[in-house]
Amino acid sequence: MSQAKAGDKVLVHYKGTLPDGQLFDSSEGREPLSFTLGSGQVIKGFDDGVTGMAIGDRKTINIPNAEAYGPVNDEMIIQFDRAQIPADIPLEVGGTLNMHQDGGQVIPVVVREVTDAYVVLDANHPLAGQDLIFELELVGIS
């Protein structure tokens, strides 16, 4: 039976949880995830975990944050003057906003703190700093 290797297009069903058991993503009820191994389409630890699997194989992998979304980068946590944000934009701690960079790129940010004087926004990936656990099932290789 052939094993998944770099350059193969694979189909994977998965369930992603945090070490405390909290589910953050799953392919349950959806089509399996399709990507090319070694292409950088998925995080390194996920790519590495699928490599070497054969169709029908199931396994659980633990991905340290360095091979997932990396550690929290303090430079991505920005404090803004409250007056810089239009009053019609809802600011709720835990809520998500979109920031627009000069080149037109949109970056989702999470509101971490709101006061009358300032707002703290976090542009880190929501899973930055988290170790991840994935249950994998390889369902196709082409």
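In which strand does E135 lie? In this predicted model, E135 belongs to strand β9, which covers residues 132–141, and β9 is paired in the antiparallel sense with β1 through 8 bridges.

- Leaving aside residues up to four places away in sequence, E135 touches H13, Y14, K15, K59 and T60.
- E135 and K5 are separated by 130 residues in sequence, while their C-alpha atoms are 19 Å apart in space.

**Strand β1 and its partners**
- Strand β1, residues 9–17, is joined by 4 bridges to strand β3, residues 33–36, and the two run antiparallel; within this pairing, V12 has L33 as its bridge partner in β3.
- Strand β1 also pairs with strand β2, residues 23–26, in the antiparallel sense over 3 bridges, and here T17 has L23 as its bridge partner.
- The strands β1 and β2 make up a hairpin in which 5 residues lie between them, and G21 in the turn has a positive phi of about 95°.

**Aromatic rings**
- The count of aromatic pairs comes to 5.
- One of these is formed by Y14 and F134, an edge-to-face pair with 6.2 Å from centre to centre and 65° between the planes.
- Because Y14 is in strand β1 and F134 is in strand β9, this pair ties together parts of the chain that are 120 residues apart in sequence.

**The open sheet of β5 to β8**
- An open sheet is formed by 4 strands in the order β5-β8-β7-β6, with antiparallel pairing.
- Strands β5 (77–81) and β6 (96–100) stand at the edges of this sheet and each has a single partner strand, so one side of each is left without a neighbour in the sheet.
- From one strand to the next, the twist averages 40°.
- The antiparallel strands β5 and β8, the latter covering residues 118–122, are joined by 5 bridges, and in this pairing I78 stands opposite L121 in β8.

**A117, a loop residue**
- A117 is found in the loop between β7 (106–114) and β8.
- The relative accessibility of A117 is 48%, so A117 counts as partly exposed.
- When residues up to four places away in sequence are not counted, A117 touches F80, D81 and R82.
- Although A117 and I133 are 16 residues apart along the chain, their C-alpha atoms are separated by 39 Å.

**The annotated span**
- According to an unreviewed UniProt entry, the annotation "domain: PPIase FKBP-type" covers residues 7–91.
- In the model, the end C-alpha atoms of residues 7–91 lie 44 Å apart, and this span is 8% helix and 33% strand.

Technical notes: Residues are numbered from 1 along each chain as its sequence is written. This is a predicted model: local features need pLDDT of at least 70, side-chain atom pairs count only at pLDDT 80 or more; totals for chains, interfaces and linings use all residues. Side-chain values use heavy atoms; hydrogens and water are left out. Two strands pair if DSSP finds at least two bridges between them. Axes are lines fitted to C-alpha atoms, for helices over the stretch in contact, and angles run from 0 to 180 degrees between N-to-C directions. Contact means heavy atoms within 4.5 Å. UniProt positions are given in the numbering used here, feature names are shortened, and annotations may be inferred rather than shown by experiment. Rings of Phe, Tyr and Trp (its six-membered ring) pair if their centres lie within 6.5 Å; planes under 30 degrees apart count as stacked, over 60 as edge-to-face and the rest as tilted. Buried means under 20% relative accessible area, exposed over 50%, partly exposed in between (1.4 Å probe, protein chains only).
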